[in-house]
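This briefing goes through one protein model by topic. Please have the sequence and the structure at hand.

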Amino acid sequence: MTLFDSPSFEDHEGVHAFFDEKTGLKTIIAVHSTARGPASGGCRMWDYASSEAALDDVLRLSRAMSFKNAMADIPLGGGKSVIIGNARTDKTPELFEAYGRAVETLGGKYWAAEDVGVSPIDLAHARKTTRYVAGLEGAASSSGDPSPVTAEGIFRGIGLTVQRALGRDLKGVTVAIQGVGHVGAYLAEKLHAAGARLIIADVNQQALDEVAMSTGARIVSTDEIFATDAEVFAPCALGGAINPLTLSRLKAKVVAGGANNQLAGPAMGVALFERGIAYAPDYVINGGGIINVAAEIQALAQGGAYDAAWVETKLARLMVTLGEVLDTSFAEQRPPHEVADEMAKARIDAAKV
Ligand code: NAD
């Protein structure tokens, strides 16, 4: 397979592969679109089975970032990078310094941040050799852990989707949260404070106990969570929560949560719609995290400090966008994920000169 024949290639502006002899770094940086601003998206370190798999991943993920950033209405395009290697055994400071040099060669077309397998410490090493890294700790520009902002967006998004679909507020509504990690735990607190009833599942017993203790949530198994009597199902763990096996068991009337790639495929979005289940498209409702990172990139690029008021303005705007997606879906009787994709594409096209 060559780059341009790849099914995941979709008008990417640039795809850059780098090899560093001294450290063995193999990285691919994909710049999908800079129409709305410099491409931004995390750096993922993963032990890919082949370079073809790494290329496929970076192409898909960078395009997804263009869409997410456009829906979050932040002045950033979409990009992503992957480092081929084992995050547990292959990491060295020198590897990330070499990665930083690779990012620097793009002259600011791409801003890196954290993703799976990459920590703020790794990024601090990359920062020695490039300016174009966000997600560092301890500076005036630092945006810190994005999870609380992500959870706030999801909390508001669940409220909005419940209002549209069920015509009520969150008081007394039961929400089943799959995964009470960083995002899920913050979300549980907020929902509890709003009077919602909670059902939770996780593979981490300690995380479950902590959330149950502070919110009174009922704990169920990771299998049962799909089939509870909750009105809302909130996927906050891994991707693919909505797949043919889980869909047939789902009793919820609303699917709205923080996980990326909740639909195992676009057909699942159509199936949700046909079953009358309101779905808040994942990359729209979970855009709070990237808004938070964008505030840091803005501060670094312009030499200022992290601006919490700007983040709040963008978060409020994100909810207006989510409302538009749900309203259009209802008015035109089309699945919301299709409406969201169309809106994102239109926003990117409108920014092209
Ligand atoms: P996390 O790793 O802190 O939490 C994930 C939780 O899911 C963990 O507690 C884990 O034990 C649990 N889990 C794993 N497998 C499970 C299973 N089969 N059933 C139930 N629980 C399971 O990650 P996070 O930062 O909270 O992110 C959660 C999701 O939200 C991810 O999909 C992530 O990509 C997405 N997301 C996160 C942010 C953010 O700001 N952190 C932003 C946007 C999207």
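The model is predicted: local features need pLDDT of at least 70, side-chain atom pairs count only at pLDDT 80 or more, and totals for chains, interfaces and linings use all residues. Residues are numbered from 1 along each chain as its sequence is written, and side-chain values use heavy atoms, with hydrogens and water left out.

**Domains**

- The domain assignment of the protein gives domain 1 (3–62 + 79–133) and domain 2 (148–285 + 321–348); such bounds come from an automatic or database domain assignment.
- Between the C-alpha centres of domain 1 and domain 2 the distance is 30 Å.

**The five-stranded sheet**

- Five strands make up an open sheet with mixed pairing, in the order S1-S2-S4-S3-S5; two strands pair if DSSP finds at least two bridges between them.
- At the edges are strand S1 (14–19) and strand S5 (110–114), each of which pairs on one side only.
- From one strand to the next, the twist averages 20°; axes are lines fitted to C-alpha atoms, for helices over the stretch in contact, and angles run from 0 to 180 degrees between N-to-C directions.
- S1 and strand S2 (residues 26–33) run antiparallel and are joined by six bridges; here histidine 16 is opposite isoleucine 29 in S2.
- S2 also pairs with S4, again in the antiparallel sense and over six bridges, with isoleucine 28 opposite valine 82 in S4.
- S3 and S4 run parallel, with six bridges between them; arginine 44 has valine 82 in S4 as its bridge partner.
- S3 is largely enclosed by the rest of the structure, because seven of its eight residues are buried; buried means under 20% relative accessible area, exposed over 50%, and partly exposed in between (1.4 Å probe, protein chains only).
- S4 is likewise largely enclosed by the rest of the structure, since seven of its eight residues are buried.
- Helix H1 (residues 51–71) lies across S1, S2, strand S3 (39–46) and strand S4 (77–84), and runs at about 155° to S4.

- Tyrosine 110 is in contact (heavy atoms within 4.5 Å) with Ile29, Val31, Ala39, Gly41, Gly42, Cys43, Gly79, Lys80, Ser81, Tyr99, Val103 and Tyr132, leaving aside its neighbours within four places in sequence.

- Most residues other than glycine have a negative phi.
- Aspartate 11, in the segment before S1, has a positive phi near 60°.
- Aspartate 11 counts as exposed because its relative accessibility is 62%.
- Aspartate 73, in the loop between H1 and S4, also has a positive phi, of about 55°.
- With 23% relative accessibility, aspartate 73 counts as partly exposed.

- Asparagine 243 sits in the loop between strand S9 (232–235) and helix H7 (244–247).
- A polar atom of the side chain of asparagine 243 lies 3.0 Å from the backbone oxygen of glycine 240.
- Isoleucine 219 belongs to strand S8 (residues 218–219) and, at 35% relative accessibility, counts as partly exposed.
- Isoleucine 219 and isoleucine 200 are 19 residues apart in sequence, yet 5.0 Å apart in space, C-alpha to C-alpha.
- Not counting residues up to four places away in sequence, isoleucine 219 touches Ile200, Gln205, Leu208, Asp209 and Ala212.

Terms used: Helix = DSSP H or I, 4+ residues; strand = E, 2+ residues; numbered from the N terminus. Polar contact = N/O pair within 3.5 Å; in protein donor to acceptor, adjacent residues only side chain to side chain.
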